[in-house]
Amino acid sequence: MDEIDFGALLCARLCHDLISPVSAARNGIAMVQDETDPEMRTDAMALTEDGLTDAVAKLKVYRIAYGVAGPGTALA
């Protein structure tokens, strides 16, 4: 496997891993905009927060795994 093929596979994997939490956040925002029931709005906000928290956590791991973060960088 050459470097271009490896890079393409790596990018595809990173995008695949991020699409789920980002989609959850997008869906949560859409639900908040359309929903009038306060309980459902709360659930939609929780879905949005969970998706964004997951996406941020994955991006932090990617930064460390692929060398952008320096030594001793914490995941928190």
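**Entry 1: disulfides**

I searched the whole structure for disulfides, meaning pairs of cysteine sulfur atoms within 2.5 Å, and the search found 0. This is a predicted model, in which local features need pLDDT of at least 70, side-chain atom pairs count only at pLDDT 80 or more, and totals for chains, interfaces and linings use all residues. Residues are numbered from 1 along each chain as its sequence is written, and side-chain values use heavy atoms, with hydrogens and water left out.

I noted that a disulfide is a covalent bond between the sulfur atoms of two cysteines.

I then looked up accessibility, where buried means under 20% relative accessible area, exposed over 50%, and partly exposed in between (1.4 Å probe, protein chains only). Cys11 has a relative accessible area of 46% and is partly exposed. Cys15 has 54%, which means that it is exposed.

**Entry 2: helix 1**

I took helices as DSSP runs (H or I, at least four residues; strands are E, at least two), numbered from the N terminus. Helix 1 covers residues 3-34, and Phe6 is in it.

For 32 residues the span should be 46 Å, and the end C-alpha atoms are 46 Å apart, so the two agree.

Where is the kink in helix 1? I found it at Ile19, shortly before the proline Pro21, with an angle of about 35 degrees. The bend at a residue is the angle between axes fitted to the seven residues ending there and the seven starting there.

I listed buried residues of helix 1, among them Leu14, Leu18, Pro21, Gly28 and Val32. Val32 has a relative accessible area of 13%, so it counts as buried. Val32 and Asp43 are 11 residues apart in sequence, and their C-alpha atoms are 8.8 Å apart in space.

**Entry 3: salt bridges**

I counted 2 salt bridges, each being a side-chain nitrogen of Lys or Arg within 4 Å of a carboxyl oxygen of Asp or Glu. Side chains of opposite charge can pair when their charged atoms come close.

Asp17 and Arg13 are 4 residues apart in helix 1, so about one helical turn separates them.

Asp54 and Lys58 form a salt bridge too, with their closest N and O atoms 4.0 Å apart. Both lie in helix 2 (residues 38-65), 4 residues apart, about one turn of the helix. I read 34% relative accessibility for Asp54 and 25% for Lys58. Asp54 is partly exposed, and Lys58 is partly exposed.

**Entry 4: Val56**

I found Val56 in helix 2. Is Val56 buried or partly exposed? At 43% relative accessibility, Val56 counts as partly exposed. Val56 and Leu18 are 38 residues apart in sequence, but 9.3 Å apart in space, C-alpha to C-alpha.

How values were computed:
The expected span of a helix is 1.5 Å times one less than its number of residues.
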